[in-house]
Each structure stands twice: as C-alpha cells, then as structure tokens.
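Take a short walk through this structure. Keep the sequence and the 3D view side by side.

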Amino acid sequence: MMSIKFFSIYATYGEEAFDLSVTHLYDLAKDFAKLLEHHNNFQLALNPNSNIVCFRYKPDTDCDLNELNSHIRNELLIAGDFYIVQTLLKDEIYLRTTIMNPFTNLDTFHELMNSIH
C-alpha cells in the first residue's frame, strides 16, 4: 500500500517534487546548524550533510554534560512540544533531530532552543 502512495505522488508531480522536498529539508538542517553555531550555549557535533542535526546544550557552568543533555531530552519528551532523540558520539551524549516536516521553519528552531535553554 505504501508503494501506491509513492507512485501516485510521483505520477502526479514527478521527480522534481521529491528533489524539492529533500533539498528543502537539507537546507533547513543547515540553517538550524548555523543558529546553533551562533549561540554560545550550544555545541554542534558536525555540520549536517543531510536533514539530521546533532548538537548538545553546553552551559557556562561546570556540570556533567551527558547527564544534562539526557535530562533535557527527557524533559522535552514529557512537555510534548518536541520529539528529539539522543545519540552517543565519542562517549558524549548529543541531542539528535531529524527534520522531516516541510512546515518546519526557523521559528520552530528558535522555540526548540528556547525550550532547551
């Protein structure tokens, strides 16, 4: 059944619709990464080459960043406004978001960053 959905979209809008969608989501990830880089309390794991962004919150105070970021993720899930996962990179916990919704915009990223902060 899922292939029918894919075929219908492809038959109606063509390959360009998929290209535009993927490009838009990748560009959003790059925009989010730029926001993170320009904020002192966030650390970007690496510049995204897809729609996935890995980052962590890094306050000015001394604390266990792994514990803090894991706690942040849990609190975000409890609040229910954002769904975010965590990943382990070189023994450090990072928050990981996959941008999939085409209606996501820079305001969404600002809201996420404010919720984390």
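Where does Thr97 lie? Thr97 sits in strand β4. Helices (H or I, at least four residues) and strands (E, at least two) are DSSP runs, numbered from the N terminus.

A word on the source comes next. This is a predicted model, in which local features need pLDDT of at least 70, side-chain atom pairs count only at pLDDT 80 or more, and totals for chains, interfaces and linings use all residues. Residues are numbered from 1 along each chain as its sequence is written, and side-chain values use heavy atoms, with hydrogens and water left out.

Back to Thr97. Its relative accessible area is 12%, so Thr97 is buried. Buried means under 20% relative accessible area, exposed over 50%, and partly exposed in between (1.4 Å probe, protein chains only). Leaving aside residues up to four places away in sequence, Thr97 touches Phe32, Asn51, Ile52, Val53, Phe55 and Ile84. Contact here means heavy atoms within 4.5 Å.

Now follow β4 to its partner. β3 (85-89) and β4 (92-98) pair in the antiparallel sense over 5 bridges. Two strands pair if DSSP finds at least two bridges between them.

Most residues other than glycine have a negative phi. Lys90 is not a glycine, yet its phi is positive, about 50°. Asp91 is not a glycine either, and its phi is positive at about 65°. Lys90 is exposed, with a relative accessible area of 81%. Asp91 is exposed as well, at 65%.

Move on to helix α4 (residues 106-116). Its buried residues are Phe109, Leu112, Met113 and Ile116. Seen down the axis of α4, they fall within an arc of 95°, so they line one face of the helix. The arc is that of the directions from the helix axis to the C-beta atoms. An α-helix has 3.6 residues a turn, so residues three or four places apart point the same way.

What covers the buried residues of α4? The cover includes α2 (15-37), β1 (42-44), β2 (52-57), α3 (65-79) and β4. The face turned away from the buried side carries the exposed residues Asp107 and Asn114.

Finish at the start of the helix. Asn105 caps the N-terminal end of α4. A side-chain oxygen of Asn105 lies 2.9 Å from the backbone nitrogen of Asp107.

Technical notes. A polar contact is a pair of N or O atoms within 3.5 Å; within protein, one must be able to donate a hydrogen and the other to accept it, and residues adjacent in sequence count only if both atoms are side-chain atoms.
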